[in-house]
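Please examine the sequence and the three-dimensional model shown below.

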Amino acid sequence: MKYCKKCIMPDTRPETVFDKAGVCDACRSSERKHKEIDWEEREAQLREILDRYRSDGLWYDCIIPVSGGKNSCFQAYTMKYRFGMNPLCVNAVPCEMTDIGNKNLIFLRELGFDLIQVGVNRKAFREMVRIGFFKLGDSCWPEHIGIFTIPVKMAVQFKVPLLIWGENSQFEYGGPAAARDKNTLDKNWLLEYQMYGYRISDLVHEGFDLNDLKMFQYPSDEELTRVGVTGLFLGHYIKWDNKEQAERMKSLGFNVNPDGPVECAYFDYENLDCKWIGGLHDYMKYLKYGYSRATDQLSMEVRAGRMTREQAVDLVAKYEGKIPWKYIPDFLRYLDITEKEFFGNLDRFTNKKLFLCDENGNLVKDKDGNVIKKYQDYSVEAKVC
Ligand SMILES: [Zn+2]
């Protein structure tokens with residue numbers, strides 16, 4: 001395991017590519033973002049596209065998928081008040097909504113937006129969470145599919161062809177070159193980055209009735225063509241800055257977490273909407289890849305020039321790598337499983353190459369039950385053997 005020489009991203013992050021100088025592609029993207037890309041030109045391109053979709057005011061002219069997070073509020077706000085569009089906001093209800101998440105959806109409506117909330121039946125959703133947790137090592141698997149499928153279905157239903165997504169995550173956080181420069185989000189992107197090789201139709205073999213999964217089924221090509229659905233990444237056209245956007249939304253009334261950052265994170269304004277996405281989802285990422293949301297966030301701060309790499313290194317261990325206790329009792333009740341089954345599954349997904357094990361190959365844990373990462377020296381390139 002080695003870390004980027006500019007930020008603190010490890011090379012265990014799936015999709016991330018390091019160049020010969022030992023720098024991750026997200027840092028290279030960031031250099032382009034700050035030095036090379038002509039953002040005025042990009043914004044002009046966006047305005048030209050938006051003009052093609054602009055309605056007469058009688059109906060919506062774009063759909064904003066909203067989680068209730070600061071970025072989706074920012075997307076909606078930007079489209080309406082900066083670009084003069086008439087957005088319809090669509091929220092795919094997450095696994096288990098938090099009070100803050102609910103408050104922020106009300107905040108969005110207070111800002112002047114119509115909102116549709118689609119809550120998939122909890123029976124099927126819960127069983128998908130079970131598959132996500134036990135088979136794929138991602139407690140929020142159905143949530144990711146819902147977020148990227150339900151707004152597209154609504155675009156078809158409401159005949160509003162233009163969807164405005166947030167940042168291109170391969171550009172902002174790392175990914176293959178072809179994906180980094182994409183300005184659109186489509187079905188192939190969803191299949192490649194969110195599905196873990198599973199298709200919804202495969203769930204029939206797990207005992208699901210496809211009738212219970214209607215909202216998870218991506219619209220057909222025929223439907224998409226009929227409405228002319230296009231999904232753009234706003235982050236391709238305007239210079240994306242999570243922190244600036246959060247500060248802007250906070251100044252308008254966006255609610256942050258009263259207890260500080262959610263577990264595994266550094267900022268108090270991210271991953272607030274679902275009980276498992278901040279915390280458990282990020283902790284499982286830590287067990288699989290040796291890094292978590294705090295690494296993403298601190299790396300972004302380094303790239304934005306607001307923090308040195310040394311400061312990020314000093315902070316990261318304080319924020320990530322600890323068992324996210326806050327919502328574990330809720331999660332056990334939700335899936336009706338015991339603490340032993342829960343931790344047994346976490347151990348199964350823990351990458352033993354990255355964490356200390358005893359001579360019998362069992363994970364070594366500290367007095368609080370946390371696993372211990374082997375590669376804590378950010379100054380040298382350690383090799384995973
Ligand atoms: Zn980097």
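## Helix α6

In this predicted model, helix α6 comprises 17 residues, and its first and last C-alpha atoms are separated by 24 Å, close to the 24 Å expected at 1.5 Å a residue. The helix carries a kink of about 30° at Ile147, shortly before the proline Pro151.

Most of α6 is covered, with 15 of its 17 residues buried. The helix is followed by Lys159, which has a positive phi, near 55°.

Strand β1 (residues 62-65) runs parallel to β2 and is joined to it by 4 bridges. Within this pairing, Leu88 of β2 is the bridge partner of Ile63.

## The largest nonpolar core

The largest nonpolar core contains 88 residues, and those with the most contacts inside it are Cys62, Ile63, Ala76, Leu163 and Ile164. Helix α6 (residues 141-157) is the element that gives the most to this core, with 8 residues. The core draws at least three residues from each of domain 1 and domain 2.

Ile63, one of the residues with the most contacts inside the core, is also the residue of the pairing whose partner in β2 is Leu88. For Ala76, when neighbours within four places in sequence are left aside, the residues in contact are Ile64, Val66, Pro87, Cys89, Leu108 and Phe113.

## Domains and their contact

The protein is divided into domain 1, made up of residues 1-23 + 262-354 + 361-377, and domain 2, made up of residues 37-237. The C-alpha centres of the two domains lie 25 Å apart.

Across the boundary, 23 residues of domain 1 are in contact with 26 residues of domain 2. On the side of domain 1 that touches domain 2, α13 (277-289), α16 (328-335) and α17 (339-349) each supply at least two residues. Helix α13 gives the most to that side of domain 1, with 5 residues.

Note on methods:
Residues numbered from 1 in each chain as written. Predicted model: local features only at pLDDT ≥ 70, side-chain atom pairs only at ≥ 80, totals over all residues. Core = buried A, V, L, I, M, F, W, Y, C linked by C-beta atoms within 7 Å. Buried ≥ 20, exposed ≤ 12 C-beta atoms within 10 Å, placed from the backbone. Domains from an automatic or database assignment. Contact = placed C-beta atoms within 7 Å. Expected span 1.5 Å × (residues − 1). Bend = angle between axes of the 7 residues up to and from the residue. Pairing = 2+ DSSP bridges.
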